[in-house]
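The following report describes selected local features of one protein model together with its ligand. Please consult the sequence and the structure shown below while reading.

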Amino acid sequence: MSSLQATLMATPYSGPALAVRNVSKCYGDVRALDSFALEVNRGEIFALLGPNGAGKTTLIRIMTTLMRPDSGEVLVNGLPIGRCGREIRRQIGVVPQENSLDRYLTARENLELHARLHALEPKRARKRIDEVLELFGLAARQHDFPDTFSGGMQRRLVVARALVHDPAVLFLDEPTTGLDPQSRRAVWEYIRSLAGDMTIFLTTHYLEEAEQLCERIAIMDHGRLIALGSSTELKARLSGGATYEIECVHAQGAQRCADILRTLPCLEELSLSGNLLTVRLGQWECLAEVVSALGGTPVRRISLRERTLEEVFISLTGAEVRD
Ligand SMILES: Nc1ncnc2c1ncn2[C@@H]1O[C@H](COP(=O)(O)OP(=O)(O)OP(=O)(O)O)[C@@H](O)[C@H]1O
Ligand SMILES: [Mg+2]
């Protein structure tokens, strides 16, 4: 162990769990990360969102010491990735985007191999493996090979494996892609149950997942950080008034209302589908004007349409499909 490692490990650490400073990484001509910077607090569940090819997996590879950045600095629990790779690997758990199970080992043997690589004492390893198998609903199939598992079970096994050695920081690269809603919710429950003790950094394309689990969410595109905050803060960034749905009793009434509402100065957008009107107002304060303009038309429901994280995501990253 170098004197730097010894010093860093001996000092109690109170800074952020992850600090990424000005990190760039190119693959040939492709700039996957471009002066990327981010800090994740200890004990936080943090989500990184971004379209395909945004650079999420590249960032995770760098933070988990699998790849070196071209420039910039990354600290995991205060340890620099360049010089303390071995110690960092001891402290982290990783669920890679692609399952990386050993197909010639049973589920239990996969976990045992991982425990041995982390030098867990055999008795403690046995106990911990029993625990995670139970926690992830895999105990009954522990002596079967991963190839005989459903996609959801394989994914759960990969998450279980990442937890065997009780990591301080857990990286999950799209942990629930391909899972059915039941398995996805089960994985969310496990992740939630770990919150507080463990720092959890996840990437996902399921925006609901980020909203349900994470205190803070970052959005990146083209290798750059473009937004950061709680889901409420991110939604508040969307400009442009309030959108209401007005459900009339009859389509005829909806058409009549649409004609009247189109004359209001505060109306920014209106669409009509059968008996449902969707109106965007410059300011929510204009709602009273809208209600009085409806006159005696029978209306079943007027409701505010909440802004969604997907709207924020699309407004920041565009609607174009990525290669
Ligand atoms: N090994 C590689 N060699 C060359 N280019 C690569 C390599 N890995 C990634 N890239 C490119 O780097 C960019 C970022 O890729 P990365 O896998 O980090 O994106 P991502 O955000 O994880 O995407 P996804 O949501 O599809 O998983 C993409 O343009 C990708 O094509
Ligand atoms: Mg990826």
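Against which helices do the buried residues of helix 4 pack? They pack against helix 5 (122-135) and helix 6 (151-163), where contact means heavy atoms within 4.5 Å. The model is a predicted one, in which local features need pLDDT of at least 70 and side-chain atom pairs count only at pLDDT 80 or more, whereas totals for chains, interfaces and linings use all residues. Residues are numbered from 1 along each chain as its sequence is written, chains are lettered from A and ligands numbered from 1 in the order in which they are written, and side-chain values use heavy atoms, with hydrogens and water left out.

## Helix 4

Helix 4 comprises residues 107-117, and its buried residues are A107, R108, N110, L111, H114 and A115. Viewed down the helix axis, these buried residues fall within an arc of 160°, so they line one face of helix 4; the arc is that of the directions from the helix axis to the C-beta atoms. R116 and L117, on the other side of helix 4, are exposed. Buried denotes under 20% relative accessible area, exposed over 50%, and partly exposed in between (1.4 Å probe, protein chains only). Helices (H or I, at least four residues) and strands (E, at least two) are DSSP runs, numbered from the N terminus.

## Positive phi values

Most residues other than glycine have a negative phi. Just after helix 4, A119 takes a positive phi of about 55°. S35, in strand 2 (residues 30-40), has a phi near 45° and is partly exposed, with a relative accessible area of 33%. N77 has a positive phi of about 50° and is found in the loop between strand 4 (71-76) and strand 5 (79-80). N77 is buried, at 14% relative accessible area.

## Charged residues

The whole structure contains 25 salt bridges, each defined as a side-chain nitrogen of Lys or Arg within 4 Å of a carboxyl oxygen of Asp or Glu.

| Pair | Closest N and O atoms |
|---|---|
| D34 and R31 | 3.5 Å |
| D144 and R141 | 2.5 Å |
| R301 and E245 | 3.3 Å |

The pair of R301 in strand 14 (residues 299-305) and E245 in strand 11 (residues 242-248) links distant parts of the chain, 56 residues apart. R301 is partly exposed at 31% relative accessibility, and E245 is buried at 17%. Elsewhere, R124, K127, R128, E131 and D166 are linked in a network of salt bridges.

What is the nearest side chain of opposite charge to R184, which is buried yet has no salt bridge? It is E209, 4.3 Å away; Lys and Arg count as positive and Asp and Glu as negative, while His and the chain ends are not counted. R184 is found in helix 7 (residues 181-194), and its side chain reaches the backbone oxygen of L179 at 3.0 Å. A polar contact of this kind is a pair of N or O atoms within 3.5 Å; within protein, one must be able to donate a hydrogen and the other to accept it, and residues adjacent in sequence count only if both atoms are side-chain atoms.

## Ligand 1

Of the 15 residues around ligand 1, G53, K56, T57, T58 and Q97 come nearest, a residue being near if one of its heavy atoms lies within 4 Å. A polar side-chain atom of T58 lies 2.6 Å from an oxygen atom of ligand 1, and one of H205 lies 2.9 Å from an oxygen atom of the ligand.
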